[in-house]
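This report describes the helix packing of one protein and a few of its backbone details.

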Amino acid sequence: MAKQVLDLYELYNLVIARGGLVDVINKKLWQEIIKGLRLPSSITSAAFTLRTQYMKYLYPYECETRRLSTPAELQAAIDGNRREGRRASYSPYGPEMISPLSLVGGRPQMNGNGTPNPMHPASMFFTNFYDFALTNLKCECEVSGEDEEKYFSKTPVD
């Protein structure tokens with residue numbers, strides 16, 4: 001940022017000292033964080049950049065070590081901030097969400113027997129995306145302490 005290396009250790013300590021990421025977002029404390037990092041006030045996207053870097057590199061660690069919030073609480077804080085005229089949302093895939101179909105150009109081609117052709121790029125994409133989503137869900141369950149079985153059982157669980 002501003003041709004400076006972002007000190008993630010200091011960023012983490014400043015955010016934790018203010019109650020964690022969810023509190024910083026809800027209480028709109030980013031200017032305090034920016035001042036604490038001694039960043040120039042001329043950086044108009046500093047709050048957004050700090051938040052996205054924190055979510056990407058530090059928030060999972062905060063969840064694991066401090067348990068100050070859950071990913072669902074973070075999403076609620078971001079959604080609440082967005083309703084006030086801001087736009088970004090938390091996503092493990094990054095700030096720019098795009099349709100998965102746009103990456104492969106449509107639905108999987110079918111073989112003559114009605115099964116998807118496993119070599120079609122769309123079929124490979126969906127298989128890889130499913131594996132990624134499954135791994136991500138398992139990680140979220142570990143962080144949040146939720147029971148994986150309710151997500152992975154064959155029958156719906158209330």
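In which loop is arginine 38 found? Arginine 38 lies in the loop between H3 and H4.

The model is predicted: local features need pLDDT of at least 70, side-chain atom pairs count only at pLDDT 80 or more, and totals for chains, interfaces and linings use all residues. Residues are numbered from 1 along each chain as its sequence is written, and side-chain values use heavy atoms, with hydrogens and water left out.

**Overall content**

The protein has 8 helices and 0 strands, in the order α-α-α-α-α-α-α-α along the sequence. Helices (H or I, at least four residues) and strands (E, at least two) are DSSP runs, numbered from the N terminus. Of the 158 residues, 28% count as buried, meaning under 20% relative accessible area, with exposed meaning over 50% and partly exposed in between (1.4 Å probe, protein chains only). Among contacts (heavy atoms within 4.5 Å) with a separation of 6 or more, 47% come from residues 24 or more positions apart.

| Residue | Loop | Phi | Relative accessibility |
|---|---|---|---|
| Arginine 38 | between H3 and H4 | about 55° | 65% |

At the start of H1, a side-chain oxygen of aspartate 7 comes within 3.2 Å of the backbone nitrogen of tyrosine 9. Glycine 19 follows H1 and has a positive phi, near 100°.

Helix H1 (residues 8-17) packs against helix H4 (residues 46-65) at an angle of about 70°, and their axes are 10 Å apart. Axes are lines fitted to C-alpha atoms, for helices over the stretch in contact, and angles run from 0 to 180 degrees between N-to-C directions. H1 and H4 are therefore roughly perpendicular to each other, a term that covers 65 to 115 degrees.

On the H1 side, the contact uses Leu8, Leu11, Tyr12, Val15 and Ile16; these meet Leu50, Tyr54, Tyr57, Leu58, Tyr61, Glu62 and Thr65 in H4. By class, the contact of H1 with H4 has 10 nonpolar, 1 polar and 1 charged residues. Ala, Val, Leu, Ile, Met, Phe, Trp, Tyr, Cys and Pro count as nonpolar, Asp, Glu, Lys and Arg as charged, and the others, Gly among them, as polar.

The buried residues of H1 are Leu11, Tyr12, Leu14, Val15 and Ile16. They pack against helix H2 (21-26), helix H3 (30-36) and H4.

How values were computed
Parallel < 35°, antiparallel > 145°, perpendicular 65-115°, else oblique. Polar contact = N/O pair within 3.5 Å; in protein donor to acceptor, adjacent residues only side chain to side chain.
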